[in-house]
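Biologist: Could we go through the contact between the two chains? Please begin with the strands.

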Protein chains: 2
Amino acid sequence: VTCLGCDVIAGRVRPPGGVIHEDEHWLLAHSVSPVLLRGWLVLVPKRHVEDVGALTPQEAATLGPVTTTAAAALQAALAAERIYVCSLGGEPHLHVHFHFIPRLSGMPRGAWRVLATMWSEERPWACADEEAETAAEAVRQAWR
Amino acid sequence: VTCLGCDVIAGRVRPPGGVIHEDEHWLLAHSVSPVLLRGWLVLVPKRHVEDVGALTPQEAATLGPVTTTAAAALQAALAAERIYVCSLGGEPHLHVHFHFIPRLSGMPRGAWRVLATMWSEERPWACADEEAETAAEAVRQAWR
């Protein structure tokens, strides 16, 4: 069975721009190609685990700091108006993952409109991998 | 200006079942009445802060443990198939808040279908406050 989270962690799938941040338990990278929105990042535990409630105390201890730092760096790097942070329970990818979705200038207000539009068939914000690589590098530079 | 997060923390608004878990920085309670889904919990920082990226190191340090424990307790208490964890960027409530949304037996598979249905005008899973109180108590009992 293929797991996208495990594929990224093992290096079998390379997100645009490569790894943005990595520690003992978590890996943050841009969402993979084809990219639906520049700056849409994904945070995954390095261990294959399928429920947020099944994270170990060690994984839980670093989740908050990496989440806060990632949100701040993403917001600064792209001058985002809001940052949405969502773990949508694994479907279709069961490996726990947290989406970091920036509301960039000109995008509709309201999380629902942003997420529904991003995942719609119209894909109005789809971008080239090169734009995602640039965003990933900007987040890396903004990391504190 | 009214802030629902601050109202709950100050006790001016009482979620069904009251406070489920509270520590120095975070408060977890059921979503407020009228309830759209039993077991839909909300985690808020006690400080009024509007960006996940603006959480203090102290707030960030406890975010992961409380998130993991809440997700595990909610899943166990309601025999939920999945737990969705989302901070949707504040609209319309700017005070940072994380939704914990259980996919209960019989609900559609897929986070998007669950969330869109829950927030739709049909409100198919709306329930009495008493059911929410029972769910809150079950989560409290399942807390580890």
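Modeller: This is a predicted model. Strand β4 (residues 82-87) of chain A pairs with β4(B) in the antiparallel sense, over three bridges.

Biologist: Which residue of β4(B) is the bridge partner of A:Cys86?

Modeller: The partner is B:Cys86, so named by the bridge assignment in β4(B).

Biologist: Moving on to area, how much do chain B and chain A bury between them?

Modeller: The two chains bury about 2600 Å² between them, with 60% of it on carbon and sulfur atoms. In residue terms, 33 residues of chain B are in contact with 33 residues of chain A.

Biologist: Why quote an area at all?

Modeller: The accessible area lost when the parts come together is often given as the size of an interface.

Biologist: And charges: how many salt bridges does the rule find across the interface of chain B and chain A?

Modeller: The rule finds two across that interface. B:Arg82 forms a salt bridge with A:Asp51, and their closest N and O atoms are 3.5 Å apart.

Biologist: How many residue pairs are in polar contact between chain B and chain A?

Modeller: The count is eight residue pairs, with both residues at pLDDT 80 or more.

Biologist: Which elements of chain B give two or more residues to the side that touches chain A?

Modeller: They are α2 (57-78), β4 (82-87) and α3 (111-118) of chain B. The most comes from α2(B), which gives ten residues.

Biologist: How do the residues on that side of chain B divide into nonpolar, polar and charged?

Modeller: On the side of chain B that touches chain A, 19 are nonpolar, nine are polar and five are charged.

Key:
Residues are numbered from 1 along each chain as its sequence is written. Chains are lettered from A and ligands numbered from 1 in the order in which they are written. This is a predicted model: local features need pLDDT of at least 70, side-chain atom pairs count only at pLDDT 80 or more; totals for chains, interfaces and linings use all residues. Side-chain values use heavy atoms; hydrogens and water are left out. Contact means heavy atoms within 4.5 Å. Buried area is the accessible area (1.4 Å probe) that two parts lose on being put together, summed over both. A salt bridge is a side-chain nitrogen of Lys or Arg within 4 Å of a carboxyl oxygen of Asp or Glu. A polar contact is a pair of N or O atoms within 3.5 Å; within protein, one must be able to donate a hydrogen and the other to accept it, and residues adjacent in sequence count only if both atoms are side-chain atoms. Helices (H or I, at least four residues) and strands (E, at least two) are DSSP runs, numbered from the N terminus. Ala, Val, Leu, Ile, Met, Phe, Trp, Tyr, Cys and Pro count as nonpolar, Asp, Glu, Lys and Arg as charged, and the others, Gly among them, as polar. Two strands pair if DSSP finds at least two bridges between them.
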